[in-house]
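Here are a few exercises to work through with the model open beside you. Try each task on your own before you read its solution.

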Amino acid sequence: MRKETTMKLGTLTLATALVFATAAMAQTAEADGQAAAPAETAPAYEPAPAAAAPAGEADFGSMRGRAYNIVGNQAGVPTVGNYLDKPHTLHGRKMVYVEPTNSFAALSFGEGSTKFLAFDNSVGLGMMTLGLATKGFGASFDYAFGKRWRFDTDKQTGGAKVERDITNITAGDLLQARFSVPAGAYDLAARAFWLTYRNETETKTESSNAGTTTTTESDQDFWDYGAEVTVSNDPSAKDLFWSAGVLFVRHAADRMTKGGGTTRETNDPDATVTLQPNVNVGLAVLKSDNARVLVGVNGSVPFSVYDGANNKNTNVKDSRFTLDFVATPNILGELALGESWLLFAGAAYFWEVLDVDHETYVTGNGTPAKETLNTTILSMTTNTAFVNAGARFQRRNFAVEASVANNFFNNPLEGFNGTNFIANLGGFIYF
């Protein structure tokens, strides 16, 4: 059996905070007939004067929602997901973000140190994030629980007794910790996680009668655990943005039964250990006062070793490994229309530059084995391109972003027959 290795390639949905200059707010207030206080303190969401866009140029540094940069260009403005991936970057941010289309929300607040939380359904169960950000570090904890325990005691006529304990764990049960620190011109981030990706059942039964006790057990393990470390030049980058990291994942898929003095363990064919280096690069290739185009590529090299089979009774042994070279070229364009409107569009495609799949299958009833089969498969694939487009409206201390699904471009009237043509809709309020 062949199962394509599926890995995240660094297109995580991202995060940041929205910004308007004090002078712009004062000018708007005067237009509304309100006098701006001459010594007014800049709001928390306002960037330092050096970070403001030059006169006549569009402000491309405003805080962004998850509708933006779905293609994952490294040079794009950070989004809410980015900030949650690097918790220390939330320090000093005061905002609330709500995304009704994907049941996602995030809030950051506090003086001195910044506290933040988020709600998300991305793992299948409701996930909550709790975190703290200071000037020197940031840390957060994600959790989603789906556990059920059942205890049965059956006392039968004649003195027989059966006790049964059943534990169920729901797919999406998750524990994850994140930590990040600024390191001069670089950001360092790390995370560790444990995720149950398929429903599990564990059963233990004890039967006793006339002083004799028998025990049977069955256990299932369908979980991923792993860790990732990433470094990026985001704090100091001017034209060329990059990030590099490595991800380790143990993908467990096995079953165990025990009873009558015998233990039997079986592994699913897709049980693996994976080590995946990642490198993302992005830069601006076109610029004007109100527009820019960013080009980048996200690359990874996942190497996976499969558990395979080793049955001593039938002398069957199977071993397999895969090595992939994957690249995702991407384009991100932005166009400002006045002070309040910003249009954006992105394009990317997943390119499997080279996939190496090697398997050795040994079978036979004697020693040495009767047959050894070695199979190596090489493949290259350029997949279908992905394109999305959206818009952002910002005014004073709020912003709304939306992106449009592909089916709208194929049939603009589709939204009137009960189907959705808004792929992502989210809004900010900044304080």
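**Exercise 1.** Find the partner of arginine 392 in a salt bridge, and decide whether the two residues are buried or exposed.

*Solution.* Keep in mind that you are looking at a predicted model.
Step 1: Follow the side chain of arginine 392 to glutamate 401, where the closest N and O atoms are 2.6 Å apart. A salt bridge needs such atoms within 4 Å, so this pair qualifies.
Step 2: Look for shared partners. Arg64, Arg292, Glu334, Arg392 and Glu401 belong to one network of salt bridges.

**Exercise 2.** How many salt bridges does a search of the whole structure find? Then work out which parts of the chain are tied together by aspartate 187 and lysine 86.

*Solution.* Step 1: The search of the whole structure gives 19 salt bridges.
Step 3: Aspartate 187 is in strand E9 (residues 186-196), while lysine 86 is in the loop between helix H2 (80-85) and strand E1 (95-99), so the bridge ties together parts 101 residues apart in sequence.
Step 4: Apply the cut-off for buried, under 20% relative accessible area. Aspartate 187 has 5%, so this residue is buried. Lysine 86, at 12%, is buried as well.

**Exercise 3.** Where do arginine 250 and aspartate 307 lie, and is each one buried or partly exposed?

*Solution.* Step 1: The side chains of arginine 250 and aspartate 307 form a salt bridge of 3.0 Å, N to O.
Step 1: Arginine 250 lies in strand E12, and aspartate 307 in the loop between strand E16 (303-306) and strand E17 (309-311); the two are 57 residues apart, so to speak distant parts of the chain that the pair links.
Step 2: Compare the values with the cut-offs. Arginine 250 counts as buried at 14% relative accessibility, whereas aspartate 307 counts as partly exposed at 32%.

**Exercise 4.** Trace how strand E4 pairs with strands E3 and E5, and sort the residues of E4 by face.

*Solution.* Step 1: Strand E3 (residues 114-120) pairs with E4 in the antiparallel sense over seven bridges. Six residues separate E3 from E4 in a hairpin, and glycine 124 in the turn has a positive phi of about 105°.
Step 1: On the other pairing, E4 and strand E5 (residues 138-144) are antiparallel over six bridges, and a hairpin of four residues joins E4 to E5.
Step 2: Sort the faces of E4 (residues 127-133): Met127, Thr129, Gly131 and Ala133 are on the covered face, and Met128, Leu130 and Leu132 on the uncovered one.

**Exercise 5.** Which strands give two or more residues to the nonpolar patch on the surface?

*Solution.* Step 1: List members of the patch, among them Phe141, Trp194, Tyr225 and Leu275; together the patch residues have about 860 Å² of accessible area.
Step 1: The strands that give two or more residues are E11 (212-232), E12 (240-259) and E14 (272-287).
Step 2: Take one member as a check: leucine 275 lies in strand E14 and is partly exposed, at 44% relative accessibility.

Key: Residues numbered from 1 in each chain as written. Predicted model: local features only at pLDDT ≥ 70, side-chain atom pairs only at ≥ 80, totals over all residues. Heavy atoms only, no water. Patch = residues over 30% accessible without salt bridge, like charges linked within 9 Å, V, L, I, M, F, W, Y side chains within 5 Å. Areas by Shrake-Rupley, 256 points an atom, 1.4 Å probe, with all protein chains shown as cover. Buried < 20%, exposed > 50% of the residue type's maximum accessible area, 1.4 Å probe, protein only. Pairing = 2+ DSSP bridges.
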